[in-house]
Amino acid sequence: MPDKPETSGKPEAAGTAPAPFLEMRGISKAFPGVQALDKVDFAVAAGEVHCLIGANGAGKSTLMKILAGVYAADSGEILLGGKPLRAASPSDSLKAGVAVIYQELSLVEHLTVAENIFLGQYPKLMPGVVDWLGMAKKAKVILDGLGVRIAPGAEVSSLSMGHKQIVELCKALAAEARVVVMDEPSATLSKEEFNALVKVVFDLKARGVTIIYISHRLEELFLVGDSVTVLRDGKKAYSGPIKSLDIKELVRLMIGHDVRSGKGCSLPPLADAVKIEARGLSNNVLKGVDLAVREGEILGLYGLVGSGRSEILHAFFGSQRASGVIKVDGEEVRLSSPVDAMRLGVGLIPEQRKTQGLILGLAVWENAAIAAIPDLSVKGALIPRKLYALARSFVKRLRIKTPSVMTEVRSLSGGNQQKVVIAKWLMKKSSILLFDEPTQGIDIGAKEEVYDIIRGFAGKPGAATIVASSELEELEGMCHRICVLYEGRVAGEFTPPFPTKVILHTAITGEAHERR
Amino acid sequence: MNAVSPPREFAWKDFFRKYNLLFFIAVFTIAASIISPRFLTFQNFANLLQQSSVTGIVTVGMTLVILVGGIDLGVGSVLALAGMVAAVLLEGGYGIFLAIAAALASGAVLGLFNGYVSAKSGVPSFITTLATMVAARGLALLTTDGSPVFDLPETFQWLGAGFIGSIPVSGLLWIAITVVAALMLKYTTFGRGLYAVGGNDEAARLSGIRVKRSVIHVFVLSGVLSALAGVVTASWLTVGQPTAGKGMELDAIAAAVLGGASLSGGSGGVIGAFGGVWLLAIITNIFNLAGLSSYYQMIFKGGIIVAALMLNQFFRTRD
């Protein structure tokens, strides 16, 4: 626990607080059309775990990229240990002792753990000759020091996500980093892996390493963090000890107002007609799934990773093969490709926004119109004006924040990108929408908006909706019914009021009733 | 909400990034007109247009292939084969239209093969078309056992060597193909689909675009355009030459990339490629006008390709 007084959100009281170890002063950075950071002050005390949070697009990554030397700030200065840090490139800041662990990690998968730890600074027997034994020994010292059991000779590709994170931390230690930035380390970790990681983080802290911790999962900040800085729209909204806050306050600081709870919102009325149904859906993951969704219904699919959530959606969308019978509006259909499914009004909002949902290099209008373009064209010829106008109307309707519809979709924040994916299917006038993790990696404010869009869609006559999610709370807030999947089959089906504990139990054990 | 500041001082950078090819063309045009007063004459430009038309037509097809993230190494061999098909048929007394149609068909068939294998089997197009490059050259040589076909009928020469007014027909053909392809890329569902497929084929598939079909179509187009270039070459030289078009694939790739196409797919266009071909032609022209050996030309061309792309990269990463 920190025993020093923390810096406060107001201008630092001169004299009383100790000089921070890392200080970024008056950092501004503009990208064409957007002021990403506006005179942000960011100070971190030595040896603390300092959380950095903010909605998507608030400027966290930009700030950290400036610290890492990836971007140059338009104005402002960085002090490290009281000395100015001139980080013109990532190697400059690494030399100065700042290591950044990005979410997508930067390990060489086919090299060993030891090689990765010492990448670029291999121990040498003589100039140009790698000291393999020495390297393995040194790697083992670092790994043992952190109390983790990873073999230095193991190939990184064989490690779990959690262990890869730990190898990244070892790499930072080997480089004698004094400040380590961890960008969303927990996003892809299981609970056990996360606990192991936290132990390592505390270990590093005990050795005097200063850690900047970025995460969307607010609960875990209270577990790991000493203090917190909140960014909002490129400005600092708060900075201070984390203990004096709770989650609700953090959220308020992040989005600038209170969150409406999804619960209690009225659900769209249900019709009797079944819109889409499947019987005996089977493939390498699915083991005979029966499902039916009625008009107006929002069906939730809940289950652990690998339980078959995405596979069901892909089978309905024709993008993955499955045997069994699928009926739309009571008629049996053959779905051998997405084109077939789209013709029947089915649309899929896939799990991986950037690799499956969007073409990042194309403009907002084109990503939004991509599915509907054939319908809106005359004999294969586009009518650009019409498409731009339509895209603009959807940007407005879904409140997509973008400088223009001509902007590359790459430069939008996660939440706005997701809205563009949804716009694609609304523009196509789909009547059956399949959402796969629709709010993954987007901030709370945008989440609420996505929920509203889903509810709005489901309320239209003749619509049917399936939402697959690993966040039970989100399903409970908006679904008429939740089906729990376990190893490729439907293990239980629940209606409100949802018995949270039983649902969790079903997802983990595959049995809908707790054993006596 | 989001503070939107007006973009300042970025303007010239953006401009340069987008139009740096024009900048290079302007620089070399000025240099050329200083070196030789004959450069800025209508006659010289007509010559340039005629000389570049073959590479130009091939480059249009190549650009489309690169746009979907592929590469077509077979263009030179297809060019030679198509030229031989046309020449042999003409020599045998068949009509011009039949000869040309058969030549184009041979290009289409090879393109279909390239596209089908690349799209359906997952063999990278680099390998598929490398095979076509070798095999089609063999086919071209086989048609006459390696010897050229001379003395093609005079009426056949119009396409490659004829003029409309004082503008070469082959140059007009190149311009027309470029314009049609540019309009297709911008204003048709097929054209926009190519950008989507090249940018992210998985997202394109999940948006209802028939990815494999698009790839096959693009390779067929490239095959047909290479074949057309082969017909133009045979018509221009009045000779069916089985060794024609050697190294053409590299010129076409260089021109397409100079014109802004990215080898990873999803960006670029045929107007840029036109500029790329034009730039390379001007450079050759300068050296010819200055009376320097073509060996210097080759070295300088290599240098310019690297310099232009490095500059491009520089402006791309500096934002």
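Select helix H5 of chain B, residues 125-143: at 1.5 Å a residue its 19 residues should span 27 Å, and its end C-alpha atoms are 26 Å apart, which agrees. The expected span is 1.5 Å times one less than the number of residues. Helices (H or I, at least four residues) and strands (E, at least two) are DSSP runs, numbered from the N terminus.

The model is predicted: local features need pLDDT of at least 70 and side-chain atom pairs count only at pLDDT 80 or more, while totals for chains, interfaces and linings use all residues. Residues are numbered from 1 along each chain as its sequence is written, and chains are lettered from A and ligands numbered from 1 in the order in which they are written.

Next, colour B:Ser125, B:Thr128, B:Thr129, B:Thr132, B:Ala136, B:Arg137 and B:Ala140, the buried residues of H5(B). Viewed down the helix axis, these buried residues fall within an arc of 160°, so they line one face of the helix. The arc is that of the directions from the helix axis to the C-beta atoms. On the other side of H5(B), select B:Val134, B:Gly138 and B:Leu142, which are exposed. A residue is buried if 20 or more other C-beta atoms lie within 10 Å of its own, exposed if 12 or fewer, and partly exposed in between, with C-beta atoms placed from the backbone.

Now show helix H3 (75-91) and helix H4 (96-121) of chain B, which are among what covers the buried residues of H5(B). H5(B) is followed by B:Asp145, whose phi is positive, near 60°.

**Where chain B touches chain A**

Here 26 residues of chain B are in contact with 34 residues of chain A; contact requires C-beta atoms, placed from the backbone, within 7 Å. Select helix H8 (189-199) of chain B, which gives the most to this side of chain B, with six residues.

**The sheet of chain A**

In chain A, select the open sheet of six strands, with the order E6-E9-E10-E3-E11-E12 and mixed pairing. Two strands pair if DSSP finds at least two bridges between them. The edge strands, E6 (98-101) and E12 (235-241) of chain A, each pair on one side only.

Which strand is joined to E6(A) by four bridges? The partner is strand E9 (residues 179-183) of chain A, and the two run parallel. Within E9(A), A:Met182 is the bridge partner of A:Ile101.

Key: Two residues are in contact if their C-beta atoms, placed from the backbone, lie within 7 Å.
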